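Good morning, and thank you for coming. Please look at the sequence and the structure as I put them up.

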Amino acid sequence: MGAEAVIDALDLTVDAHVHTGFAAGRDSVGVVVSAADRAGLTALTFADQAGPETTWLPAYADAVRRAQSRTEMTLRVAAEVEVVQPDGWLSLPADLGHLEALSVAVSRLPMMDGGLLGPREVRVLLSTGELTAEQVAEGLITATVRGLERASRYAPTQLARPLSLFAQVGLDDAAITPDMVDALAGACRESGTIVEVSEAWRCPSARIVAHLRAARVTLVPASDARYAAEVGHWQYLRRV
């Protein structure tokens, strides 16, 4: 096998982003681990959504540690955190001491006035001409790059559902130029960020995956599963 094939390969025995009943998921840590075992996984990262009001991180970490004693899989405790300002400011939990990694998400478009635009608001502004696809792309890339730079100061980072907002507002990612992807790739390399290829969100696109691979960014499979039955099952990833 050539070096390029090794770089391009995604290890589908790894699931880098799953949820539990502590936040956005439906099942317990133990149930998720059992499902991952049945799927033949070797490594699993728990990345439940957390923020400044989150109080359950100690119990969450304890549950993962207890599960680790019952499996040969490698289990990792992470949290999904949101970028909430254009300068990359993050909505972080008060105590990061229980976490082994941060999974950085940009679910809404941060604006210079401090506001956050969800998909519906962005679609409205696009339809009225108050925003262009290029402005959305630039804002999304800038917030993501700066968020990764900030997050990497606190813990190892990974990028959750990359650029998913673009598809959610109905835009073709052709507006995300090669220079923008280069900027994202550079930020990932500099911060040591790994990029999740999300099964649930079908992102990033095949074009952007290929660009990131060519830029030697580390990519990992991520089911983003909210139910245990979804853990470690790949359709989009196999196509990409």
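I shall speak about confidence, then an aromatic cluster, then a pair of helices.

This is a predicted model, in which local features need pLDDT of at least 70, side-chain atom pairs count only at pLDDT 80 or more, and totals for chains, interfaces and linings use all residues. Residues are numbered from 1 along each chain as its sequence is written, and side-chain values use heavy atoms, with hydrogens and water left out.

The pLDDT, the predictor's confidence in each residue from 0 to 100, has a mean of 95 for the protein chain, and 97% of the residues reach 70 or more. Over residues 1-7, however, pLDDT stays under 50. Where pLDDT is low, the predicted coordinates should not be read in detail.

Which residues do ring pairs link into a cluster? They are Phe22, Trp56 and Tyr60. Rings of Phe, Tyr and Trp (its six-membered ring) pair if their centres lie within 6.5 Å; planes under 30 degrees apart count as stacked, over 60 as edge-to-face and the rest as tilted. Phe22 and Tyr60 are edge-to-face, with 5.4 Å centre to centre and 70° between the planes. Trp56 and Tyr60 are also edge-to-face, at 5.1 Å and 80°.

Buried means under 20% relative accessible area, exposed over 50%, and partly exposed in between (1.4 Å probe, protein chains only). Tyr60 is buried at 0% and Trp56 is buried at 19%, whereas Phe22 is partly exposed at 29%.

Finally, Ile141 and Leu148 are among the residues of helix 5 that meet helix 7 (contact means heavy atoms within 4.5 Å); helices are DSSP runs of H or I, at least four residues, numbered from the N terminus.

Conventions. Helix = DSSP H or I, 4+ residues; strand = E, 2+ residues; numbered from the N terminus.
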